[in-house]
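Subject: Structure handover

Hi,

Here is the structure we talked about, ready for you to open in your viewer. My notes on it follow below.

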Amino acid sequence: MPWIDYRELRRRLKVEEVLAWMDWHANERRGDYLRGSCPFCGAAKTARTAKSCQGREFAVHLHRKLFHCFRCKQGGNILDLWSRYYEIDLKTAANELNQRLFDQPPLRSSNPESHPPRPPI
Ligand SMILES: [Zn+2]
């Protein structure tokens, strides 16, 4: 596993992009904040398609790249969000986000028995 500079990774990651990877959609945007249903305690956790969920308890700051839920009080940075959402440790989360950032297939879908076909050269 390559060594990853967490700070550099957080700097490079776009909040909107990470949320899209999580399939989380904001119900409201106010200034630098996105508001929506909490992926941890809100309806989005079970529905996973937040379109029908009108929750606003979950806030994400686009530039500071921090999240906070006003109901379950979960909070942290964008790496914490990924690791808690997928219930993986921070190191794995950083590795996955780093891979996605550089447009490589994420580890979670890699299956040693079925390698994806290589693109033709
Ligand atoms: Zn919550």
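What geometry does the site of the zinc ion have, going by the angles among its four donor atoms? The site is tetrahedral, with angles of 104 to 115° (four donors count as tetrahedral if all angles lie between 85 and 135 degrees).

Before the rest, some housekeeping. This is a predicted model, where local features need pLDDT of at least 70 and side-chain atom pairs count only at pLDDT 80 or more, while totals for chains, interfaces and linings use all residues. Residues are numbered from 1 along each chain as its sequence is written, and side-chain values use heavy atoms, leaving out hydrogens and water.

**Zinc site**

The SG atoms of Cys 38, Cys 41, Cys 69 and Cys 72 are the protein donors, 2.2 to 2.3 Å from the zinc ion (donors are N, O and S atoms within 2.8 Å of the metal, or 3.2 Å for Na, K and Ca; water is not among the atoms, so sites may look incomplete). Along the chain, these donors follow the spacing C-x2-C-x27-C-x2-C. Cys 69 is buried at a relative accessible area of 0%, whereas Cys 72 is partly exposed at 29% (buried means under 20% relative accessible area, exposed over 50%, partly exposed in between, with a 1.4 Å probe and protein chains only).

**Aromatic pairs**

The structure holds seven aromatic pairs (rings of Phe, Tyr and Trp, the last by its six-membered ring, pair if their centres lie within 6.5 Å; planes under 30 degrees apart are stacked, over 60 edge-to-face, the rest tilted). One of them is Phe 40 with Phe 58, edge-to-face at 6.3 Å centre to centre and 65° between the planes. Phe 40 also pairs with Phe 67, this time tilted, at 6.0 Å and 40°. Because Phe 40 sits in the loop between β2 and α3 and Phe 67 in strand β4, that pair ties together parts 27 residues apart in sequence (helices, H or I, of at least four residues and strands, E, of at least two are DSSP runs numbered from the N terminus). Phe 40 is buried at 13% relative accessibility, and Phe 67 at 4%. Elsewhere, ring pairs link Trp 21, Trp 82, Tyr 85 and Tyr 86 into a cluster.

**Helix α4**

In helix α4 (residues 78–85), seven of the eight residues are buried, among them Trp 82 and Tyr 85. Asn 77 caps the N-terminal end of α4, with a side-chain oxygen 2.8 Å from the backbone nitrogen of Leu 79. After α4 comes Glu 87, whose phi is positive, near 55°.

Best wishes

Key
A polar contact is a pair of N or O atoms within 3.5 Å; within protein, one must be able to donate a hydrogen and the other to accept it, and residues adjacent in sequence count only if both atoms are side-chain atoms. Four donors count as tetrahedral if all angles lie between 85 and 135 degrees; four count as square planar and six as octahedral if opposite donors are over 155 degrees apart and all others between 65 and 115; anything else is irregular.
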